[in-house]
Amino acid sequence: MAENIFDVVVIGAGPVGENVADGVVRGGLTAAIVESELVGGECSYWACMPTKALLRDAAALRAVRALPGARGAVTGELDPAAVLQRRDAFASRWDDEGQVTWLRGAGISLFRGVGRISAARTVEVTDADGRVTVLEARQAVVIATGSSAAVPPIHGLADAAPWTSREAAAATSVPERLAVIGGGVVGTEMATAYTALGAQVTMIARDGLLPMVEPFASDLVAETLKAQGVALHLLTEPEKVHRDENGAVRITLVDGTTLDVDEVLVATGRKPNTTDLGLEHVGLAPGDWLHVDDSLRVVLSDGTPADDGWLYAAGDVNRRAPLTHQGKYQARALGDTIVTRAGGTPVDLAPWGRHAATADERAVPQVIFSEPEIAAVGHTAASAEAAGLRVRAVEYDLGALAGSSLHADGYTGRAGMIVDEDRKVLVGFTVVGPDVAELLHAATVAITAEVPIDRLWHAVPAFPTVSEVWLRLLETYGRNA
Ligand SMILES: Cc1cc2nc3c(=O)[nH]c(=O)nc-3n(C[C@H](O)[C@H](O)[C@H](O)COP(=O)(O)OP(=O)(O)OC[C@H]3O[C@@H](n4cnc5c(N)ncnc54)[C@H](O)[C@@H]3O)c2cc1C
Ligand SMILES: NC(=O)c1ccc[n+]([C@@H]2O[C@H](COP(=O)([O-])OP(=O)(O)OC[C@H]3O[C@@H](n4cnc5c(N)ncnc54)[C@H](O)[C@@H]3O)[C@@H](O)[C@H]2O)c1
């Protein structure tokens, strides 16, 4: 057993853990990071990067086919083998050498193995050969262990060797018939990708397609998936699943419908990677999501800090906003918090303060790379109402803009904004349509800066761009409203 003492020990080298460690080292502290699989985490190898690579070629092809002069220049069909090959490159061929080099350059010490809390400020790392290294943290231990696909207890499902998002992201061939259980972001993006790659896709979405976005956005994506030949089974769920000796899978839905497919992808949400982390040593239950206070310090169910406050959690594992960019935002705040507290200075946790991850509650941007894309930030009309805000929602037809009709023939899309009527500021924005992802940041800035609606009239969108939708939304809202 070797002993190592650092200011900070981070468990999990995904995008969030890497950024916390980098932040504290930049602030003059020492940091160790523990990783049991690949440095870079889920996002780099089995989530954001490879899945977006699976979607990109089809999106480019559709964009060209929407223009009569360009259409004729594209003579063939999508080449799935080439798409999978390019995907391999975007997953760094599941080799983390590049990220390990980055860690080294950043002055962070890497320990490979499974990290477990064994006592206060102490992490034991067990490597693949069973060797144990003990790490001690003078200032803080940070849990950034992320999440994994949750497989629901559907009869026969676990025995049918289903795909999770990992297998869908890293597949080496395209199944002829693919069933997707779950109509959330993973299910919708992977149904879009695999349809374009040539699979016959069936979706089973218990709570409808993309239930968390504005209905005008999810409806357009559902219509498009249907038009592309995806069979949608909404508001129902599987009762049982069986894979036979020839490898074929039969899914029986609760309404008695049977579906015969070659592979089944489970995309029904995530569970926290906290089962084997030694949480029992700090009074927490293994397998639970971690609750944190405003400084991302792990708290017990009564809201008091776990142990004497040396334990923090960031990223997917605290469930605040399980997205890479939002986890990295938490990581920047947390790195700064740990450095500031180590220096004996108070932290600024006021809303929008330097150390507060306020955007987690007010302005989480997300792009869903469906066909067409959905980009959203802040509240939907439904979530604003549930939060007790007095809001007004307005919508506008994106296809009616000069910019969008120039962008593609037959451009179909819609945008909506949610205005807090008491404060007269934007609290939500959603847009659906081809290539709308890059429209999102303007809305994120408007919401975080709490720009008064009156001032937004002075933010003039260039003509002829799709951003002109901002002006049309304001006109629909009314200048004297
Ligand atoms: C299919 C899919 C697509 C996605 N696409 C997007 C997208 O386009 N954009 C976006 O913003 N988000 C996307 N997400 C979400 C994104 O992947 C996560 O929010 C992000 O990876 C979270 O980062 P993290 O560092 O918290 O956790 P992770 O990336 O999960 O990293 C955690 C790391 O901790 C390690 N670890 C776990 N337990 C231990 C232990 N005991 N000891 C040592 N190491 C341990 C793991 O091996 C892993 O490397 C997607 C998710 C999925 C599933
Ligand atoms: N582009 C992106 O930003 C991106 C892409 C992929 C994933 N992610 C993130 O990854 C996380 C996980 O995504 P996800 O899609 O797995 O989870 P999710 O929670 O978004 O969706 C899961 C869906 O499965 C449905 N479901 C649950 N149990 C079911 C059952 N038994 N039968 C049928 N349907 C069932 C639920 O109704 C829900 O709509 C999310 O936080 C998401 O934001 C982000």
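I count two strands as paired if DSSP finds at least two bridges between them. The model I am reading is predicted.

**Entry 1, a sheet.** With that criterion I looked up strand S8, residues 177–181, and found that S8 pairs with S14 in the parallel sense over 4 bridges. I then traced the whole sheet: it is open, has 4 strands in the order S10-S9-S8-S14, and its pairing is parallel. I noted strand S10 (231–234) and strand S14 (263–266) as the edge strands, each pairing on one side only.

**Entry 2, helix H8.** I asked which strands helix H8 lies across. H8 covers residues 185–196 and lies across S8, S14 and strand S9 (200–205), running at about 165° to S9.

I listed 26 residues around ligand 2, and the closest are Gly 182, Gly 184, Val 186, Arg 206 and Asp 207. H8, S9 and strand S17 (365–368) each supply at least two residues of this shell. H8 gives the most, with 4 residues. By class I have 14 nonpolar, 7 polar and 5 charged residues in the shell.

I checked the largest nonpolar core, which has 141 residues; Val 8, Val 9, Ala 31 and Val 142 touch the most other members. H8 turns up here too, with the largest share of this core at 7 residues. I followed up Ala 31: leaving out residues up to four places away in sequence, its contacts include Phe 6, Val 8, Val 24 and Ile 108. Asp 7 is also among the residues that Ala 31 touches.

How values were computed:
Residues are numbered from 1 along each chain as its sequence is written. Chains are lettered from A and ligands numbered from 1 in the order in which they are written. This is a predicted model: local features need pLDDT of at least 70, side-chain atom pairs count only at pLDDT 80 or more; totals for chains, interfaces and linings use all residues. Two residues are in contact if their C-beta atoms, placed from the backbone, lie within 7 Å. Axes are lines fitted to C-alpha atoms, for helices over the stretch in contact, and angles run from 0 to 180 degrees between N-to-C directions. A nonpolar core is a set of buried Ala, Val, Leu, Ile, Met, Phe, Trp, Tyr and Cys residues joined through C-beta atoms within 7 Å. A residue is buried if 20 or more other C-beta atoms lie within 10 Å of its own, exposed if 12 or fewer, and partly exposed in between; C-beta atoms are placed from the backbone. A residue is near a molecule or strand if its C-beta atom, placed from the backbone, lies within 6 Å of it. Ala, Val, Leu, Ile, Met, Phe, Trp, Tyr, Cys and Pro count as nonpolar, Asp, Glu, Lys and Arg as charged, and the others, Gly among them, as polar.
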